[in-house]
Amino acid sequence: MHQVEFQFAEGRDGLPSDDDMHASITLALESDRVVELTVRFASEQEMTTLNERYRQKSGPTNVLSFPAQETLPDGRTLLGDVVVCAAVLRAEAEAQRKPLQAHTAHLLIHGVLHLEGYDHESEDEALAMEAMETSLLRKAGFDDPYQVAIQTALQGDDTRPEKGSNDD
């Protein structure tokens, strides 16, 4: 079993249960190795600070990943940390007319894929990562997050994140 520590900077209002979030994370893990990671739901201010410090971009982003990939003495792998801005998560879900549980699963899967070494720096990498996210989310019973965002944009709300906005 994977060990996931959940942290909530400002409470967990409306967020999925730990079990549901753990299930999303497990989908994105590539092997049977036992891993340990932390998922932190940060405030806007905390995420702004992290985004500015580590990506040199102003304002909060939706998700950041901090890979560790360290093997612990007991054989477990310390995979790293995923930080989600709870306020941005909620605002995006509402703007894109997505259930909060579906968007949370998407950001967690996206963040864990980064911990596993996936990226979206090139167009080919972005398309491969989006396809993987879509496949994993379908396994969890959720719609393609990119099609939902496109449909919302076509209805007059251009809320699709720019390529790479789910950054790491």
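## Salt bridges and a helix pair

User: At a relative accessible area of 24%, does glutamate 46 count as buried, partly exposed or exposed?
Analyst: Happy to start there, keeping in mind that this is a predicted model. Buried needs under 20% and exposed needs over 50%. Glutamate 46 has a relative accessible area of 24%, so the class is partly exposed.

User: Which residue forms a salt bridge with glutamate 46?
Analyst: The closest N and O atoms of this bridge are 2.7 Å apart.

User: How many residues apart are glutamate 116 and arginine 33?
Analyst: Their side chains form a salt bridge, with N to O at 2.7 Å. Glutamate 116 lies in the loop between helix 4 and helix 5, while arginine 33 lies in the loop between helix 1 and strand 2, and the pair is 83 residues apart.

User: Are helix 4 and helix 5 parallel, antiparallel, perpendicular or oblique?
Analyst: Their axes are 10 Å apart and the packing angle is about 130 degrees. Roughly perpendicular ends at 115 and roughly antiparallel starts over 145. The angle falls between these, so helix 4 is, relative to helix 5, oblique.

User: What is the handedness of the crossing of helix 4 and helix 5?
Analyst: Residues that meet here include Ile109 and Leu113 in helix 4, and Met132 and Leu136 in helix 5. The contact residues divide into eight nonpolar, three polar and one charged. The crossing itself is right-handed.

How values were computed
Residues are numbered from 1 along each chain as its sequence is written. This is a predicted model: local features need pLDDT of at least 70, side-chain atom pairs count only at pLDDT 80 or more; totals for chains, interfaces and linings use all residues. Side-chain values use heavy atoms; hydrogens and water are left out. Axes are lines fitted to C-alpha atoms, for helices over the stretch in contact, and angles run from 0 to 180 degrees between N-to-C directions. Helices (H or I, at least four residues) and strands (E, at least two) are DSSP runs, numbered from the N terminus. Angles under 35 degrees count as roughly parallel, over 145 as roughly antiparallel, 65 to 115 as roughly perpendicular and the rest as oblique. A crossing is left-handed if the near helix is turned anticlockwise from the far one by less than a right angle, and right-handed if clockwise. Contact means heavy atoms within 4.5 Å. Ala, Val, Leu, Ile, Met, Phe, Trp, Tyr, Cys and Pro count as nonpolar, Asp, Glu, Lys and Arg as charged, and the others, Gly among them, as polar. A salt bridge is a side-chain nitrogen of Lys or Arg within 4 Å of a carboxyl oxygen of Asp or Glu. Buried means under 20% relative accessible area, exposed over 50%, partly exposed in between (1.4 Å probe, protein chains only).
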